[in-house]
Amino acid sequence: MLRRHVCLAVVACTVLCTTIALAQTTLETVKSRGKLVCGVNTGLAGFATVGPDGKWYGFDVDYCRALAAAIFNDADKVEFRPLTAQARFTALQAKEIDVLSRNTTWTLSRDTSLGLNFAVILFYDGQGLMVPAKTQVKSATNLDGATICVQSGTTTELNLADYFRRLQIKFTPVVFETIDQTYAAYDSGRCDAVTSDVSQLLAQKTTLKQPNDHVVLADVMSKEPLGPAVRHGDDQWLDIIKWVAFGLIQAEEFGVTSKNIGSFADTKDPNIRRFLGAEGGLGTMLGLSDDFMARVMRLVGNYGELFERHLQPLHLARGVNNLWTQGGLLYAPPFR
Amino acid sequence: MSPPIPFYRNVRVLAWLAQVTFALGVVGLGWLLLSTMLGNLQKQGLPISFAFLPQPAGFGISEGLPFQPSQSYLTAFGVGVVNTLRAAVTGIILATLLGIGTGVARLSHNWLLERLATLYVETFRNVPLLLWLVFTYAAIRDTLPRLREGPALLWGTVLMSNRGIALAWPQTSATYHAFQPWLLAGLGVGLGVWGWMTFRRRGAASQRRALGCSLAVCVALWTSGFLWTWMTTHLPPVVWSVPHIAGFNYQGGIVLSPEFAALLFGLVVYTASFIAEIVRAGILAVPKGQGEAARALGLSDRQTFVLIIFPQALRVIIPPLINQYLNLTKNSSLAIAVGYPDLFSIGLTINNQTGQAIPFVVMIMVTYLSMSLLTSWILNLLNRRLALKTR
C-alpha cells in the first residue's frame, strides 16, 4: 500500500517537473492540441449562446472562430468553455483556456493585479439600469431605497456602489452568481431594477416574460470597454489576439466581406494585397500563415458582418461601435 | 549470547526509518508544489499578499450588519462571517428540533405519523441539498406575490411578498435610558435571590423554587419599571416597530429575506432528515429492559421517555450529531446559489476584485476550520459530561 503511494507520488512529481521544464508558447500548445480553447459567457444573447443545433453563436464566439480560422484555416477548431463571471479570471490564470472572449471590461487593476493582458477593445459599452416601465422611474436619482439585482464578480457591482455613492442615495444590492438567476429575480419582482452593461440589458430584455414592460434608463454610469484578454507572459500570443481583432475592423474599412472576398484575389491595391497575404509576409511575423486574414474573411467575416449577425437583432445601434470613418471609435493600426 | 542485530534487520529501527522517509517525502512534495506555485505566480506578476485587506471594498452587501462600500475588504469579510454564523446557528437549532421530532415520530405507534415522518426523511435525505436550495428559492421568488400585492396578516404585523417576510419587532424608544436602571436592577436582584436561596439549601426541589422566586422578582421589577417609565413620560420605553411599505421596500419591523429563508429552509429540512435517523438509531440502541423497568416502577410513558430512554439515547446520538452540525455549517457555503451573502459568496467577490486567490482560499479555509473545530470542541465537552461514568 505504502509502496504504491510512494510510487504515485514519484510519478506525480515527474509529470509536474516535466510540465514545468517543457514550457511551450501558447501558439505551440494550441497547434499541438489541434484546437483553440476559448472562454465564453455561460449564455448571453448576442455574445455567446448555444443554438438549437447545439453549436455556439454570438459576437464573442465569432471572435474565437476568427482566431481558429487564422491559426488552423478551420473556424470550427474551437472548444468553447462557458465561464461564470467569478470563474473566468481563474480559468485564464490556471491555463484552462487560451483566450478569454467573454464581454470582459478592461480595467487597470484587472490588467495588472489579475495578471491579464487586454488586447484590444472590440465593443464599447456602458453600464445602465433597467426598470419596469410602470414604476415611472425616469432616472437613477428616483431609485432611492431601491433593491437592485446585480451579477457577482463584475465591475458592475463596483460601479453601482460608486454611482449611488456619488448621487448620495441608498440602495440594496442582491447579488447572484449567474446572469439567468439575476434576471429571473428581477423579472419576478424581487428587485426594483437590474443593472448591467447596456448591451446585456437589451439582450436580456428579449428573454423576459413581457419584454415591452421594461425600459432601459438613459443614465450611463460607466465606461465598459469590452474585449478579449490573455495571460501575462506570452507576447506573441498577445500579438495574434490583437491583430486578428484589428483585422476584423480593418476588413470592414477596406470593404472586404465574407461574400466578396473572392473578388479581391487579383486586386491591385497594395494595402489590401498585404492585408490578405498576397505580399508583405505579415502573417509570418505573427507566427501564422500569410493569408491569415483572408482565411478569417472566408470563414467568419468582418466586424460589421459580426455586428449585423449577432447584435443588430437585439436592436443595438452601431453608435460608437462604428468605424472611425463613420464617426465611431473603431480604428485599426496599419497592416504593414 | 547472540550477536547484536544489525540495524538493517532491526524491525524497530526499520519501522522508524520508514516513517521518517515517508514524512520527508510528504514534506518534500508539499514544498515542491508550494514553490512551483509561488514561482509561477511570481512569473505572472501576481505576488501573494494580504495588503488588500484594509483597502475600501467598493461593493455593497444586501443583508447582515450595516455595511458601506467605503468600508474595507476585511470588514466585508467580517459581515460574511457573521452572515454564515447567523445561518449556521439558526439552522443547527431548528434542524435539531425538527430532527428530534421526526426521529421520535418515526418510532411512534401512530401509523399516519410514522408514515409521514418516513416519507419526509426519505424525500429530503435522498435529493442533493443544492437542488432543494434552488427549488426553494425559485418557489419563494415566483409563487409569492409582489411587494405591493402581498397580504398583511395578523392585523398588519406580518407582511409577506417575494421581497421577504416583514414582522413587527420590539424597538427601544426615546425613554429607554430611563428604563435601563430597572432592567439592570431586576437582573441583579434576581441573581442575588437565586444565589442566596441555593446557598442556603441544596436539593432538586429547593433549587427549582429558587429559580422560580428569582425569576418572579426579576420580572416584577422589570414590569414595574416599564409601567413607571410609561406613566411618568407617557411613552413606553420599548415599542413595537410595525412594518409598512414605503418607497421601494418595507420600512420598520424586521425583514426575513427570501434568500436567507431559502437557505435556512434547505439546510434545516435536509440536515433534520439525517438527524432524525440518528435520533431513531439512538433510541433503538437503548436496551428494551430499561423502558420495561421504568414502567414496572410506575413511570408514565412520557416520564419513561424523558427521564430514562432519551438521556441514555443521547450518548449514542451526540457523536454523529456533531458530524451533522459540521455538515450544516459547511453546507451553508452553498448560499451563493440563492444570492445570500455568506462568507464564501463575499469571499469570492473579494477574490474576483483583488485577484488574490491564494490569500482568499487561506482565509476561507481558516475561518471554516475554526468554526468547525469550535463546534466539535463544545459538543465534545457535552459528550464527555454525558458519557457513562465508570470507576
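**Exercise 1.** What distance separates the centres of domain 1 of chain A and domain 2 of chain A, taken over C-alpha atoms?

*Solution.* Before we start, note that this is a predicted model, where local features need pLDDT of at least 70, side-chain atom pairs count only at pLDDT 80 or more, and totals for chains, interfaces and linings use all residues. Residues are numbered from 1 along each chain as its sequence is written, while chains are lettered from A and ligands numbered from 1 in the order in which they are written.

Step 1: find the domains. In chain A, domain 1 covers 15-122 + 227-326 and domain 2 covers 126-224; such bounds come from an automatic or database domain assignment.

Step 2: take the centres. They are 30 Å apart.

Step 3: look at where the two domains touch. Here 14 residues of domain 1 of chain A meet 18 residues of domain 2 of chain A, with contact meaning that C-beta atoms, placed from the backbone, lie within 7 Å. The domain 1 side has five nonpolar, nine polar and no charged residues. In this count Ala, Val, Leu, Ile, Met, Phe, Trp, Tyr, Cys and Pro are nonpolar, Asp, Glu, Lys and Arg are charged, and the others, Gly among them, are polar.

**Exercise 2.** Work out how the radius of gyration of each chain sits against the compact-globule rule.

*Solution.* Step 1: get the rule. The radius is taken over C-alpha atoms, and the globule value is 2.2 Å times the number of residues to the power 0.38.

Step 1: For 391 residues the rule gives near 21 Å, but chain B has 28 Å. The C-alpha trace of chain B spans about 95 × 70 × 50 Å along its principal axes.

**Exercise 3.** Describe how helices α2 and α10 of chain B pack.

*Solution.* Step 1: locate them. Helix α2(B) is residues 73-106 and helix α10(B) is residues 343-354; helices (H or I, at least four residues) and strands (E, at least two) are DSSP runs, numbered from the N terminus.

Step 1: read the geometry. The axes are 7 Å apart at an angle of about 160 degrees, which makes the pair roughly antiparallel. Axes are lines fitted to C-alpha atoms, for helices over the stretch in contact, and angles run from 0 to 180 degrees between N-to-C directions; over 145 counts as roughly antiparallel.

Step 2: list the partners. Tyr73(B) and Phe77(B) are among those from α2(B), and α10(B) gives residues including Leu343(B) and Ile350(B).

**Exercise 4.** How many residues does each chain give to the contact between chain A and chain B?

*Solution.* Step 1: count them. Chain A gives 40 residues and chain B gives 36.

Step 1: see which elements take part. On the chain A side, those giving two or more residues include α1 (2-21), α6 (155-167) and β9 (171-176).

Step 2: sort by class. The chain A side has 17 nonpolar, 15 polar and eight charged residues.

Notes. Angles under 35 degrees count as roughly parallel, over 145 as roughly antiparallel, 65 to 115 as roughly perpendicular and the rest as oblique.
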